[in-house]
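Colleague: I am new to this structure. Could you walk me through how to read a few of its features?

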Amino acid sequence: MPRFSVIVPCYQVQAYLRECLDSVLAQSYRDLEVIAVDDRSPDDCGAILDEYAARDPRVKVLHLPENTGLGRARNAGLPHATGDYLFFLDSDDTLTPGALAAIADRLAESGDPDVLVFDYARTYWWGGTRRNALAEVLTEAGPDTFTAAGYPRILDLLMVVWNKVYRREFVAAEGFTFPPGYYEDTPWTFPVMLSAGRIAALDRICLNYRQRRQGNILSTTSRKHFDVHDQYERVFAFLDGHPELDSWRPYLHRKMGEHCLDILAKPDRLPPADKAEFFRRTADLFRRLKPEGAQVDGEAALLEGGWAGYRLRRQAGRARQGAARRAGAVRRVAAGRARTGWASLHARRPLDPELVVYSASAHRGLLGDPAAVHRAALRIAPKLRGVWVVRDAETAAGLPPDVEHVIAGTRRCAEVMARAKFLVNDVPWTGVPAKRPGSVHIHTHQGTPLKYLGADLLDKPGARLGVDVPQLLRRADRWDHSLVASRHAELVYERAYPCHFASARTGSPRNDVLVNGGSSDFRERHGIPDDHTVVLYAPTRRDYRRGGHVDRIDVARLAADLGEGHTLVVRLHPALATGPARGLGLTELARRGAVLDATDEPDLADVLLAADALITDYSSIMFDYANLDRPIVIHADDWEAYRQTRGVYFDLIAEPPGHVTCSQRELAALFTSGRWQDADSARLRSRFRARYCEFEDGRAAERVVRTLLLDEAMPGTVRLPGQTTAGRGALTSA
């Protein structure tokens, strides 16, 4: 008996069916059966199903004699299912890699609950991906099982059948089946969720919910949307037969009203001539099913009035939204003029020679090179006043209490920037006053470049999607000094940003702590045993995939391959931190302790110092980590695709900082054999450091403060990698 019975009803989906079936049959978890139901599809769905059944015995095909609709097609598959759990998968959707293994693990962990609810992502026909907006409901559910009464927020999720698996014996005992018509998920999901004695949640994206440009049933304009009334009649009929659930009537009554009004408000659902009738039928049903003493408020209260009143409210609401948008635009223009005027007023005052304004990573806080320069200035030049630009009050609240700050875009920010002698940032400034003569802008960058930047992106249309290169160069015209860690970086920045700045051979201030062997409390904070080997996996984003996320490594498998005595730490690229990447398994794996998710760690150096080895692909983190002189492994299974789409400044495969792998099997073998830390690894790393960490000597922040802020000479001599001595200052002009 298989663990999962995946029931896939099919009707006019030949363009998507193979992708759907492949996503199931290619799962690493193979204890499953597929019950594919050909709902008398007029296209080639039936033939495709037969083809798959002929080559994979796990696929069973039912050819229905006539078209029955989605709900009844699912019902047709139920008697043929033999698995412990039922999974109803729509034939234009797909499972994410590793989804069934994650579901199976969570079922075992939670003791085989009646229902397991998992997360999903919407995938759009134009290539975009968006995670379920209510993913936190699954996060907050916690590791224990619960009931709907014990955790009612679970019902805030989309009430559909395909974001759950169901214990087959539970479904059979309760006699749950699907009704005919549109919105057939409603009278299935509410009764199932309210009846389940034990529900578990899985905070992982297991399914890609395809958003088709056309052909989606619920986005088809039709009177079939009137079916929603019959479906809620069935929900309340279920309550009539289960008096122990009577307390849910007010909740379901409100849900019904909100659901029907949502259908009415959507422009592509109902024919315009039928909207008044739909409202009246909804209002009649709402009044008839209203529980005694129920309070009606919010949007649903519109159903206690008439159609004319509803239309007036809708029109007034649209008018208010339009007025609010116009008023907001006026306020923004006025505020911009006020800020500009205020900045102009202060621009008449002399520059403050002791005022330094800092920002990092688009005003995200005390980070990177600017933070290292700020700390050095506090120690070396306490007379200098440092002010940080942060993006909002929430970011400001995370700053140390003694750090002065201003909020970006405010009048106070414009005032401070207009008066500052020095401005230190790692990304080009946006929305700031014009640069005043005499002010000094120090640009630190965010790492040594491997991939194309600035003007070099003009020949890479995919990589510069959304990047206004001329505007980027106009912002770079503000720079007076560009900090570099090597002659390689110096040449690249001067080519990528053809502007009027001087290259400063200072090294990277953020890396001083790495060169000098600073301390880290990362292991202690996360409970990593002292004798564990910590392996950090830090992938970068891909420009050939919209959204940037591509799963190149199965981190659960990698953690298992590393074995006992190892801790796998994963740190995603900042651009992927809030997208679906973490929901595709990382969050759940971290909860179970299989890996450690360090994506949100504010201090990257703290993570690097704790790691005994780095696995990356094409991330600039490799240049920072090389300063520690610890093993680096480059996983480059898509190197050609990456170099062609993004463009690179050197051949990483020809001159890597360590061993290169091109498959997960090679990567696992490298670590199990111990070759990841052999003499070849050390030799490659030494050569890499000599070229790309050329000016990293552990005194970069001090050098910036003394030579660029205080206009002093650097005291003493500087020892650089691969050199015996180096001259004072280490600054050159472009």
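Modeller: Gladly; we will look at a pair of strands and then at some salt bridges. Keep in mind that this is a predicted model.

Colleague: Let us begin with the strands. In which sense do β2 and β3 pair?

Modeller: Strand β2 (residues 32-38) and strand β3 (residues 59-63) are paired in the parallel sense, over five bridges. Between them the chain passes through helix α2 (residues 45-55), giving a right-handed β-α-β crossover.

Colleague: Now the salt bridges. How many are there?

Modeller: A salt bridge here needs a side-chain nitrogen of Lys or Arg within 4 Å of a carboxyl oxygen of Asp or Glu. The count comes to 61. One of them joins arginine 510 to aspartate 369, with the closest N and O atoms 2.5 Å apart. This pair links distant parts of the chain, 141 residues apart: arginine 510 is in the loop between β16 and α17, and aspartate 369 is in helix α12.

Colleague: Is arginine 510 buried or exposed? And what about aspartate 369, buried or exposed?

Modeller: Buried means under 20% relative accessible area. Arginine 510 has 15%, so it counts as buried. Aspartate 369 is buried too, at 2%.

Colleague: Which residue forms a salt bridge with arginine 691?

Modeller: That is glutamate 655, with 2.9 Å between the closest N and O atoms. Arginine 691 is partly exposed at 39%, and glutamate 655 is partly exposed at 24%.

Colleague: Which residues are linked in a network of salt bridges?

Modeller: Look for Arg542, Arg552, Asp617, Asp637 and Asp638, which are linked in such a network.

How values were computed. Residues numbered from 1 in each chain as written. Predicted model: local features only at pLDDT ≥ 70, side-chain atom pairs only at ≥ 80, totals over all residues. Heavy atoms only, no water. Pairing = 2+ DSSP bridges. Helix = DSSP H or I, 4+ residues; strand = E, 2+ residues; numbered from the N terminus. Right-handed = clockwise from strand over helix to strand, strands pointing away. Buried < 20%, exposed > 50% of the residue type's maximum accessible area, 1.4 Å probe, protein only.
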